[in-house]
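This briefing walks through selected features of one protein chain, grouped by topic. Please keep the sequence and the 3D view at hand while you read.

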Amino acid sequence: MLLPIGDAGAAYQLIFERVDELVRGRAGIADLSVPACPGWNIQQVVAHLAGVAQDVVALNLENKGTSPWADAQVARLGAHSVDDLLDLWRQSLDDVQANLAFASDAGACQLVFDTLTHEHDIRGALGEPGSRAGDLAFQAALGFVTAMGDHFIRQAQLPALWLSTPTLGSVQLGDPHTARGHVALNVSDFEALRAFGGRRSIGQLLALPWDGDPTTLMPVFTDVLPAFTNGGIQPPADDLIE
């Protein structure tokens with residue numbers, strides 16, 4: 001389900017343009033807290049996004065996805081205004097695209113997954129939902145989720161998951177012949193992104209419209225995907241209402 005690098009690069013550009021349009025030139029939003037990213041405000045989330053672009057260009061990727069990696073970006077760029085951060089991010093776009101040509105499909109789609117997740121974090125902070133329908137960005141992000149989910153569900157021998165969304169159609173994660181049972185989940189593209197992106201509490205995850213018992217699949221959200229992202233994705237302790 002992974003998109004090729006060229007499509008992932010186009011999706012990344014698309015998200016930048018949406019974030020730029022969403023926050024550029026708006027007074028009084030920089031210090032708004034971002035409920036989906038506890039401890040960060042909008043300025044710090046944009047600093048992270050600009051910092052990721054800079055680190056991709058500099059090939060500073062050894063600790064990608066970790067909290068120290070993200071915190072260093074925010075510390076490095078913390079003195080800049082939101083508009084300045086957007087300018088820095090835009091200045092890095094061409095070089096990011098050039099470097100993605102040497103990345104794996106998974107690495108390029110992971111970049112889209114993280115960036116799309118933070119777009120919706122910012123939208124949640126502003127109370128301005130949008131861009132939730134399936135598009136190239138969702139194809140790349142959900143492709144990453146399903147490819148990694150399938151790999152680790154098989155590796156951990158968890159129950160197979162039939163995941164259905166408008167963009168994905170219906171995809172099977174895990175091996176139904178060796179898995180200990182199976183469950184199914186049919187949700188929107190947006191809800192799949194938020195559930196697999198560490199933006200839903202365990203209670204919210206269990207309340208999704210599962211077909212079958214989801215409790216044995218919870219390690220996907222608490223151990224499996226966080227392990228892939230160096231502990232960077234964990235369900236929040238409290239419900240996130242969007």
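In this predicted model, Leu-208 has its place in the loop between helix 8 (202-206) and strand 4 (210-211). Leu-208 is buried because its relative accessible area is 13%, and buried means under 20%. The points below begin with the surroundings of this residue and then turn to other parts of the chain.

**Leu-208 and its surroundings**

- When residues up to four places away in sequence are not counted, Leu-208 touches Leu-185, Val-187, Glu-191 and Ala-195.
- Leu-208 and Val-96 are 112 residues apart along the chain, and their C-alpha atoms are separated by 36 Å.

**Two other buried residues**

- Val-171 belongs to strand 2 (residues 169-173), and with a relative accessibility of 11% Val-171 counts as buried.
- If the neighbours within four places in sequence are left aside, Val-171 is in contact with Met-1, Thr-146, Leu-161, Trp-162 and Leu-163.
- Between the C-alpha atoms of Val-171 and Glu-17, which are 154 residues apart along the chain, the separation is 30 Å.
- Arg-194 is part of helix 7 (residues 189-196), and its relative accessibility of 0% is why Arg-194 counts as buried.
- Leaving out neighbours within four places in sequence, the contacts of Arg-194 are Ala-36, Thr-117, His-120, Asp-121, Arg-199, Arg-200, Leu-240 and Glu-242.

**Positive phi values in loops**

- Leu-59 lies in the loop between helix 2 (42-58) and helix 3 (67-77), and its phi is near 60 degrees, which is a positive value in a residue other than glycine.
- At 62% relative accessibility Leu-59 counts as exposed, since exposed means over 50%.
- Gln-157, in the loop between helix 6 and strand 1 (160-165), is a residue other than glycine with a positive phi, here near 55 degrees.

**Aromatic rings**

- A search of the whole structure finds four aromatic pairs, and one of them is formed by Phe-113 and Phe-144, whose rings are 5.3 Å apart from centre to centre with 40 degrees between the planes, a tilted arrangement.
- This pair links distant parts of the chain, with Phe-113 in helix 5 (residues 105-126) and Phe-144 in helix 6 (residues 136-156), 31 residues apart.
- Phe-113 and Phe-144 are both buried.
- Elsewhere, Tyr-12, Phe-16 and Trp-89 are linked into a cluster by ring pairs.
- The charged end of Arg-132 sits over the ring of Phe-190, at 3.8 Å from the centre of that ring.

**Helix 1 against helix 4**

- Helix 1 (residues 5-23) packs with helix 4 (residues 82-100) at an angle of about 175 degrees, and their axes are 11 Å apart.
- Because of that angle, helix 1 is roughly antiparallel to helix 4, a description that applies to angles over 145 degrees.
- By class, the contact of helix 1 with helix 4 has 12 nonpolar, three polar and four charged residues.
- The helix 1 side of this contact includes Tyr-12, Phe-16 and Glu-17, while the helix 4 side includes Trp-89, Arg-90 and Val-96.

Technical notes
Residues numbered from 1 in each chain as written. Predicted model: local features only at pLDDT ≥ 70, side-chain atom pairs only at ≥ 80, totals over all residues. Heavy atoms only, no water. Phe/Tyr/Trp six-rings, centres within 6.5 Å; stacked < 30°, edge-to-face > 60°. Helix = DSSP H or I, 4+ residues; strand = E, 2+ residues; numbered from the N terminus. Buried < 20%, exposed > 50% of the residue type's maximum accessible area, 1.4 Å probe, protein only. Lys NZ or Arg CZ within 6 Å of the ring centre and 35° of its normal. Axes fitted to C-alpha atoms, helices over the stretch in contact; angles between N-to-C directions. Parallel < 35°, antiparallel > 145°, perpendicular 65-115°, else oblique. Contact = heavy atoms within 4.5 Å. Nonpolar A, V, L, I, M, F, W, Y, C, P; charged D, E, K, R; others polar.
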